[in-house]
Amino acid sequence: MKILVTGGAGFIGSAVVRLAVARGHDVVNVDALTYAACLENVASVADDPRYAFEQADIRDRVALAAILERHQPDAVMHLAAESHVDRSIDGPGDFISTNITGTYELLEAVRGYWTHKGSPEGFRFHHVSTDEVFGSLGAEGQFTEDTPYDPRSPYSASKAASDHLVQAWHHTYGLPVVMSNCSNNYGPYHFPEKLIPVIILNALAGKPLPIYGDGSNVRDWLFVEDHADALLLVLERGALGRSYNIGGENERSNLELVRTLCAILDQERPLNTGSYADLITFVPDRPGHDARYAIDPTRIREELGWRPSVTVEEGLNRTVCWYLGNEDWW
Ligand code: NAD
């Protein structure tokens, strides 16, 4: 396939780009190169004849139409987004603009391209979203694909809106879409504003390791390369108009997660005295902080035969070692 990936210079998008090229697909990476992008993330494929890069903003429909016309993709995977919850609280405008208006402009550009080609049934538009659209869980229960949407942050509300637009373009215009909602990702190339890289890099610098509230918030952690694998599977085999929840089956409280990272660092880069865990510092909670997310991955497991291949212990080890070995990147 020739796949156009939006946001392919970001954390997850670049994992998708690297994996798709490795599997023999042609890839066109469309990215505006915001603060969150890094072309180093795709340096390993940059010279591959199957890879092309186009700098464009998904809010620019004219530019998107020209790129689609030039490259003639068989599928679009849409990952470009503003993605950091804390930034969405400080300044929601970019989230509304990119995640909602940008998705609308992209859908319209893709619809024009698809219609012009004679509305091929085999075309796919894969919208990549988050489990945060489902809101917050108590101690029990998991999100299924039928859980009602209940977003609580500007980020998750903007992603929820984009999910609804994609469904509407499928039902109203017949655009062949598939969708996925994934839990928290981690792994190499994670931008150093997110929890896991913040903890690793602060620990190495001897700085406090900030944990919101009492650290009891629970997330379901998925290694980014497993997510990329699931995304390509959903693209190739997912049923039209259907959404798939993708999870790691690795629930951890933030405090447990940070303690695990400290234990790995104690092994890999021991301090002269004490443990990195001595640097743990509780800070005032994020406003509206969702208590718990958990994914029920039954649909993707039973319909597409997918499950994560990396345990959280193995994935965190690989992640810490990657940051230790790639100081130039961070
Ligand atoms: P990221 O912030 O690392 O990367 C986003 C990329 O999109 C960047 O390269 C950025 O330059 C690009 N981008 C932003 N605005 C753009 C615009 N207007 N036009 C073109 N490009 C633009 O994000 P990520 O963590 O890799 O997330 C990718 C997608 O996966 C997002 O849609 C996000 O909602 C979703 N998701 C993320 C997670 C997670 O844990 N990180 C979990 C589930 C779903």
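Strand β4 (residues 75–78) and strand β5 pair in the parallel sense over four bridges, where pairing requires that DSSP finds at least two bridges between the strands, and where helices (H or I, at least four residues) and strands (E, at least two) are DSSP runs numbered from the N terminus. The model is predicted, so that local features need pLDDT of at least 70 and side-chain atom pairs count only at pLDDT 80 or more, while totals for chains, interfaces and linings use all residues. Residues are numbered from 1 along each chain as its sequence is written, and side-chain values use heavy atoms, with hydrogens and water left out.

- Seven of the seven residues of β5 (residues 124–130) are buried, buried being under 20% relative accessible area, exposed over 50% and partly exposed in between, with a 1.4 Å probe and protein chains only.
- Arg124, His126, Val128 and Thr130 point one way from β5, whereas Phe125, His127 and Ser129 point the other way.
- Histidine 126 stands opposite methionine 77, and histidine 126 also stands opposite valine 178 in β6.
- Strand β6 (residues 177–182) runs parallel to β5 and is joined to β5 by six bridges.
- From β5 the chain crosses through helix α5 (residues 154–173) to β6 in a right-handed β-α-β crossover, a term that applies if, with the strands pointing away from the viewer, the path from the first strand over the helix to the second runs clockwise.

**Salt bridges**

- The structure holds 16 salt bridges, each defined as a side-chain nitrogen of Lys or Arg within 4 Å of a carboxyl oxygen of Asp or Glu.
- Glutamate 54 and arginine 70 form one of them, with the closest N and O atoms 3.1 Å apart; because glutamate 54 lies in strand β3 (residues 51–55) and arginine 70 in helix α2 (residues 61–71), the pair ties together parts that are 16 residues apart in sequence.
- Glutamate 54 counts as buried at 15% relative accessibility, whereas arginine 70 is exposed at 52%.
- Arginine 318 and glutamate 225 meet in a salt bridge at 3.3 Å, N to O, and since arginine 318 lies in helix α10 (residues 312–325) and glutamate 225 in helix α7, the pair ties together parts that are 93 residues apart in sequence.
- Salt bridges that share partners join Glu225, Glu314 and Arg318 into one network.

**Aspartate 226**

- Aspartate 226, in helix α7 (residues 224–237), is buried yet has no salt bridge, the nearest side chain of opposite charge being arginine 318 at 7.3 Å, where Lys and Arg count as positive and Asp and Glu as negative, and His and the chain ends are not counted.
- Leaving aside neighbours within four places in sequence, aspartate 226 is in contact (heavy atoms within 4.5 Å) with Trp306, Pro308, Ser309 and Val310.
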